[in-house]
Amino acid sequence: MFTCPLCHTEYQTKRGIDNHTCKEQQRIDKLQSTIGMTSYRLFIMWRELKYKKKCSVDKEQFSHSKYFKIFYDIVVKLKYLEIDNHKEFIQYMVAISMEPVMWTDTRIYNLYYNHIDSLSPEEQCNRGIETLLELAEYVNCDASEIFDKLSTGDIIHLIKKRKLSPWVLFGSDKFKNKYAEYNPEIRKNFNKNIKLQFWIESFKNNPAGAILVQQALKKANL
Ligand SMILES: [Zn+2]
């Protein structure tokens, strides 16, 4: 007799038990997957940021709670949207009192992106510099050459994913030289995609920020 230790279903043959699968086994497999582990980590992060104290819910308890499915879906969504700064995302959700069940709603991400766009020029500059330095390392080039290695499509993608900010682009002489070389059609498409009009207003409203960003970029050789 062969018995599943999880659900106690009994089989007469080894073949029977080998072919057996049950809800319990599926739950455990899901929990132990990369997405499952990240779900648990984000759940704990959320609880601790929300209640400002240590959370003692263990993996097993988590996987039996309603939050398992909720956070599993959230992790899939964040991965799809390439949002890898999980802490920043959750901090913002807690700040606006948005419960996890809402975090897969597309409208949430517009709020989140608007929040990032409204960060100070210094903060946007720091994250942009980090992205560019990481990319330079990845393609194995000097920081000063990174704008030669990125296509306009790459840059638009990075802007849309908020890994790079127009604060950084238009604070960089190297990028501005590239931009001057775009043909009118490409430039028009580029401007539309990065919502340049919105940014021109931001730059005008914060000339001191623009100077800080320029200095930081020069220092980083960008
Ligand atoms: Zn079973």
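Predicted model: local features only at pLDDT ≥ 70, side-chain atom pairs only at ≥ 80, totals over all residues.

Guide: **The core and its surroundings**

The largest nonpolar core has 17 residues, and those with the most contacts inside it are Cys125, Ile129, Ile159, Leu164, Val168, Val213 and Leu222. A nonpolar core here is a set of buried Ala, Val, Leu, Ile, Met, Phe, Trp, Tyr and Cys residues joined through C-beta atoms within 7 Å. A residue is buried if 20 or more other C-beta atoms lie within 10 Å of its own, exposed if 12 or fewer, and partly exposed in between, with C-beta atoms placed from the backbone. At least two residues of this core come from each of α8 (121-139), α9, α10 (152-160), α11 (166-169) and α15 (207-219). Such helices are DSSP runs (H or I, at least four residues), numbered from the N terminus.

Residues are numbered from 1 along each chain as its sequence is written.

Let us start with Leu164. Is Leu164 buried or exposed? With 26 other C-beta atoms within 10 Å, Leu164 counts as buried. You will find Leu164 in the loop between α10 and α11. Arg127 is 37 residues away from Leu164 along the chain, yet their C-alpha atoms are separated by 7.0 Å. Leaving aside neighbours within four places in sequence, Leu164 is in contact with Gly128, Thr131, Ile155, Leu158 and Ile159; contact means C-beta atoms, placed from the backbone, within 7 Å.

The axes of α8 and α15 come within 9 Å and cross at roughly 25°. These axes are lines fitted to C-alpha atoms over the stretch in contact, and angles run from 0 to 180 degrees between N-to-C directions. The two helices α8 and α15 are therefore roughly parallel to each other; angles under 35 degrees count as roughly parallel, over 145 as roughly antiparallel, 65 to 115 as roughly perpendicular and the rest as oblique. On the α8 side the contact is made by Pro121, Glu122, Cys125 and Ile129, and on the α15 side by Gly209, Ala210, Leu212, Val213 and Ala216. By class, the contact of α8 with α15 has seven nonpolar, one polar and one charged residues. In this count Ala, Val, Leu, Ile, Met, Phe, Trp, Tyr, Cys and Pro are nonpolar, Asp, Glu, Lys and Arg are charged, and the others, Gly among them, are polar.

Follow the chain onward from α8. Asn140 is found in the loop between α8 and α9. Most residues other than glycine have a negative phi. Asn140 has a positive phi, near 60°. With 7 other C-beta atoms within 10 Å, Asn140 is exposed. Next comes helix α9 (residues 146-149), where Lys149 is found. Lys149 is partly exposed, with 13 other C-beta atoms within 10 Å. Not counting residues up to four places away in sequence, Lys149 touches Val139 and Cys141.

Helix α3 (residues 34-51) and helix α5 (residues 67-80) pack at an angle of about 105°, with their axes 8 Å apart. They are therefore roughly perpendicular to each other. Ile35, Gly36, Thr38, Ser39, Leu42 and Phe43 in α3 meet Tyr67, Phe68, Phe71, Tyr72, Ile74, Val75 and Val76 in α5. The residues of this contact divide into 10 nonpolar, three polar and no charged.

For α3 and α6, the axes come within 10 Å and cross at roughly 45°. That makes α3 oblique to α6. From α3, the contact involves Leu42, Met45, Trp46, Leu49 and Lys50, and from α6, His86, Lys87, Ile90, Gln91 and Val94. By class, the contact of α3 with α6 has six nonpolar, two polar and two charged residues.

Finally, look at Glu82, in the loop between α5 and α6 (86-95). Glu82 is exposed, with 12 other C-beta atoms within 10 Å, and has a positive phi of about 60° although it is not a glycine.

How values were computed: Contact = placed C-beta atoms within 7 Å.
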